[in-house]
Amino acid sequence: MDTNSTTTESAILLIHCPDQKGLVAAVTQFVSGHNGNILNLEQHVDASEAAFFMRVEWDLNGFQIPRGEIGNEFERLVAQGFGMKYELHFSSDVPRMAVFVSRQTHCLYDILSRVQVGEWQVELPLVISNHPEMSSVAGQFGVDFHFLPVTQDNKRDQEQNQLALLKKHKIDFIVLARYMQILTGDFIAHYPNKIINIHHSFLPAFPGARPYHSAHQRGVKIIGVTSHYVTSDLDEGPIIDQDVVRISHQDSVKDMMRVGKDLEKVVLSRTILRHLQRKVLPYGNRTVVFV
């Protein structure tokens, strides 16, 4: 399998189903039998749940099934017989991302910078915030900014306004870049496994508005960060990525906050890239993240 191909377009299948004999053979035969060249294939079996997971990508140059019919043919020839659930993607598709942010700038600046230099294959048409301060930041990068203040009384109405904007701009997924609002279940239902959140891992030990201060008082030795898809259960959605940094008694609260923000940027950007590369397969309240 040639992972260094410069093909102009490839197809990607993310698959999960009950584990059984013949799965890999069936999928690879579907590709090779229609003149496809596999570029990358990864699989995993969860023995405790007898569940099979696969990500397979192949070159569409010379593939005998027209792009628009690949899904139907895979369903008919392979998926039905094995009870597969799958997603089909194409490398030439450019997802459209919206960023939600409140007052903290570090994640927003990092995302906007990566988009501007073309690090990701993505379009970012708008930033939405419940505070006005980030307008100038979005403006520096030529991205439309929408200020939608949220209160307890107008939350439902503002979420409807947000959804209208997302629909207008044909948004595929959302990144919460330190957006300090809890989304309702009704909102989340419009984007299942398509809302990415980032937060520190001090919870539930250090809740409240000053977790770094509380952690410093207890003398914590590591700072952790978690990224996950958003569900109606607060901060309990399928985890995509995590990382930690060691600190010591010499680090002040300010030091800890700086380290935490740096780590949030790294983990969030890594998560966005994996989502864009179609390497994240949600399964129940977990994810399989392919290399």
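Leaving aside its neighbours within four places in sequence, with which residues is His34 in contact? In this predicted model, where contact means heavy atoms within 4.5 Å, His34 touches Gln29, Gly62, Phe63, Gln64, Ile65 and Leu77. His34 itself is found in the loop between helix 1 and strand 2, and its C-alpha lies 32 Å from that of Gly284, a residue 250 places away in sequence.

The model is a predicted one, in which local features need pLDDT of at least 70 and side-chain atom pairs count only at pLDDT 80 or more, while totals for chains, interfaces and linings use all residues. Residues are numbered from 1 along each chain as its sequence is written, and side-chain values use heavy atoms, with hydrogens and water left out.

The protein contains eight helices and 13 strands, where helices (H or I, at least four residues) and strands (E, at least two) are DSSP runs numbered from the N terminus. The radius of gyration, taken over C-alpha atoms, is 21 Å, close to the 19 Å that the globule rule (2.2 Å times the number of residues to the power 0.38) gives for 291 residues, so the protein is as compact as a globular protein of that length. Along its principal axes, the C-alpha trace spans about 60 × 40 × 35 Å.

Strand 1 (residues 10-18) runs antiparallel to strand 4 and is joined to it by six bridges, and the bridge partner of Ala11 in strand 4 is Phe90.

The contact brings Leu23, Ala26, Val27 and Phe30 of helix 1 against Ile70, Glu73, Phe74, Leu77, Val78 and Phe82 of helix 2. The residues of this contact divide into nine nonpolar, no polar and one charged (Ala, Val, Leu, Ile, Met, Phe, Trp, Tyr, Cys and Pro count as nonpolar, Asp, Glu, Lys and Arg as charged, and the others, Gly among them, as polar).

Another open sheet has seven strands in the order 7-6-5-8-9-10-11, with mixed pairing. Its edge strands, strand 7 (144-147) and strand 11 (239-246), each pair on one side only, and the twist from one strand to the next averages 20°. Within this sheet, strand 5 (residues 96-101) and strand 8 (residues 173-176) run parallel and are joined by four bridges, with Met97 standing opposite Phe173 in strand 8. Helix 3 (residues 106-116) lies across strand 5, strand 6 (123-129), strand 8 and strand 9 (195-200), and runs at about 160° to strand 5.

Helix 3 also packs with helix 8, at an angle of about 40° and with the axes 9 Å apart, which makes helix 3 oblique to helix 8. In this contact, His106, Cys107, Asp110, Ile111 and Arg114 of helix 3 meet Lys261, Glu264, Lys265, Leu268, Ser269 and Ile272 of helix 8, and the residues divide into four nonpolar, two polar and five charged. Helix 7 (residues 211-218) packs with helix 8 (residues 253-276) at an angle of about 120°, with their axes 10 Å apart, and these two helices are therefore oblique to each other. Here Tyr212, His213, Ala215 and His216 of helix 7 meet Val253, Met256, Met257, Gly260, Lys261 and Glu264 of helix 8, a set that divides into five nonpolar, three polar and two charged residues.

Note on methods: Axes fitted to C-alpha atoms, helices over the stretch in contact; angles between N-to-C directions. Parallel < 35°, antiparallel > 145°, perpendicular 65-115°, else oblique. Pairing = 2+ DSSP bridges.
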